[in-house]
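Let's walk through this model together, beginning with a charged pair and moving on to the spaces and the ligand. Please keep the viewer open as you read.

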Amino acid sequence: MSAPLCRVRLHLEHLRHNVALLRASGKPIMPVVKADAYGHGLADVAGVLREEGVDHLAVGSVAEAAELRRGGFDGVIVALLGVVTDEDIIAARTYRVVPLVHDRGGLERLAAAPAGTEALNVAVKCDTGMARLGFRVEDIPAVAEFLAATPGLRPVLLLSHLAVADTPEEDAFTREQAARFERAAAALRRVFPGVKLSLGNTACLLAFPELVGDLARPGLALYGSNPLHGTSRAILGAGLEPVMEVSAPILSVHPLRAGESLGYGRTYVAPTDRLVAVVGIGYADSYRRNPAPGTCMTVRGRRAPVIGRVAMQMTCLDISDVPDAAEVRPGEEAFILGGGGEAVTPQDLAGWWGTIPYEVTCLLGKNRTA
Ligand SMILES: *Cc1c(COP(=O)(O)O)cnc(C)c1O
């Protein structure tokens with residue numbers, strides 16, 4: 001059992017704010033809540049989204065979809081990873097999940113499974129350039145024919161996923177993917193005119209709202225990060241508010257005199273007299289061990305740099321410059337994400353970790369206790 005000292009809190013009012021921002025485009029959305037809502041917690045996030053009138057959600061596995069249904073979500077649930085096991089097929093029927101089908105084998109397997117009294121709704125995934133899951137565009141007519149001959153399966157959605165919607169220099173490839181998607185859509189709709197289309201993730205919704213299809217699939221922006229950060233289009237994702245806040249208690253406050261070293265490997269030597277706070281989070285809590293120089297937490301609304309090596313359950317900060325530093329006592333919180341004032345965003349931490357904000361919330365979210 002691991003019992004982290006750190007606390008993960010959700011600003012659900014920020015989730016509502018981000019949903020409103022994304023809806024400003026007027027496009028219907030199918031929020032993506034896979035991987036425990038990017039680490040934020042499926043139940044809490046889905047509850048708020050339902051209150052906000054969301055009636056389509058996308059998860060990863062069928063097991064996640066079943067959990068969402070058991071939690072009371074009554075809308076459409078799409079499982080983006082498709083069916084993997086025979087149990088998944090049974091669960092898809094039991095919990096009215098719309099599984100993705102992305103290859104011939106999966107289609108045949110679903111068709112061969114014991115039919116229910118009603119047809120099973122499925123989402124057809126077509127590959128337009130991501131080369132991950134999906135039928136090739138030229139195979140869609142055959143898929144449509146197969147489905148037409150299989151009354152137990154009813155296609156309700158056609159999906160594809162963009163590889164570089166967050167990269168303006170790659171717009172030509174995004175447009176090529178959109179063109180291929182249109183061809184796939186025409187082929188499927190020739191047989192199933194009612195099928196809805198869904199192409200765009202967050203970056204597409206922000207940068208190319210005209211390409212998203214009938215249902216956009218935003219993930220990242222819901223949780224408050226901007227996939228266009230650092231690009232010429234960053235402004236299109238302005239105003240999003242991070243939902244996750246992570247704090248950990250300060251365990252000790254002590255001076256470090258000029259010339260004294262700190263931590264494993266003695267990688268930090270105090271240039272002048274400093275004040276150190278030892279914080280109860282480390283790499284066992286997915287606070288990565290090798291952050292870039294300049295990595296900070298926030299104490300009393302002011303950024304305090306991480307010094308020395310991050311340990312398994314502890315990290316040291318130089319708090320010399322936080323307001324009334326001499327009054328900081330053990331038990332006070334240091335903020336790994338959030339914290340007001342000079343708050344640390346998932347984007348900041350991603351920069352220091354050499355990764356993307358998606359991974360930051362997925363990792364730190366594993367410390368959630370409720
Ligand atoms: C994760 C995912 C999304 C959401 O992408 P964001 O960049 O977080 O908006 C959309 N569609 C599929 C298929 C995904 O796997």
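Predicted model: local features only at pLDDT ≥ 70, side-chain atom pairs only at ≥ 80, totals over all residues.

Glu333 and Arg9 form a salt bridge, with 2.7 Å between their closest N and O atoms; the term here means a side-chain nitrogen of Lys or Arg within 4 Å of a carboxyl oxygen of Asp or Glu.

Residues are numbered from 1 along each chain as its sequence is written, and side-chain values use heavy atoms, with hydrogens and water left out.

Side chains of opposite charge can pair when their charged atoms come close. The structure holds 19 salt bridges. One of them joins Asp348 and Arg303, whose closest N and O atoms are 2.9 Å apart. Asp348 sits in helix 10 and Arg303 in strand 14, so this pair ties together parts that are 45 residues apart in sequence. Asp348 is partly exposed, with a relative accessible area of 24%, and Arg303 is partly exposed at 27%. Salt bridges with shared partners also join Arg9, Glu245 and Glu333 into one network. Another salt bridge brings together the side chains of Arg302 and Glu342, at 3.9 Å from N to O. Here Arg302 belongs to strand 14 (residues 302–307), and Glu342 to the loop between strand 16 and helix 10 (346–353), 40 residues apart.

Now step back to the whole chain. It has eleven helices and 16 strands, and its C-alpha trace spans about 80 × 45 × 35 Å along the principal axes. Of the 370 residues in the chain, 51% are buried.

Where is empty space left? Rolling a probe the size of a water molecule over the atoms shows this. On a 1 Å grid over the protein atoms alone, a pocket is an open set of points with protein on both sides within 12 Å along at least five of seven lines, a cavity is a set where a 1.4 Å probe fits but cannot get out, and lining residues have an atom within 4 Å of a point. Points are joined across faces, edges and corners, and a volume is the space filled by probe spheres set on them.

The largest pocket has a volume of about 750 Å³. Its lining has 31 residues, and Lys34, Arg132, His161, Asn201 and Tyr358 are the closest to its centre. Helix 2 (34–38), helix 9 (202–207) and helix 11 (357–364) are the elements that give two or more residues to this lining. By class, the lining of the largest pocket has 17 nonpolar, nine polar and five charged residues, where Ala, Val, Leu, Ile, Met, Phe, Trp, Tyr, Cys and Pro count as nonpolar, Asp, Glu, Lys and Arg as charged, and the others, Gly among them, as polar.

The second largest pocket holds about 350 Å³ of space. Among its 22 lining residues, Arg96, Val97, Val98, Ala119 and Asn121 lie nearest the centre. Strand 7 gives the largest share of this lining, three residues. The lining of the second largest pocket divides into ten nonpolar, five polar and seven charged residues.

A search of the whole structure finds one cavity of 30 Å³ or more. The residues that line the largest cavity include Lys125, Asp127, Met130 and His161.

Which residues come nearest to the ligand? Of the 13 residues around the ligand, they are Lys34, Tyr38, Thr202, Leu220 and Tyr358, where being near means having a heavy atom within 4 Å. A polar side-chain atom of Tyr358 is 2.6 Å from a ligand oxygen atom. Gly219 has a polar backbone atom 2.8 Å from an oxygen atom of the ligand, and in the side chain of Arg217 an N or O atom lies 2.9 Å from a ligand nitrogen.

Conventions:
Helix = DSSP H or I, 4+ residues; strand = E, 2+ residues; numbered from the N terminus. Buried < 20%, exposed > 50% of the residue type's maximum accessible area, 1.4 Å probe, protein only. Polar contact = N/O pair within 3.5 Å; in protein donor to acceptor, adjacent residues only side chain to side chain.
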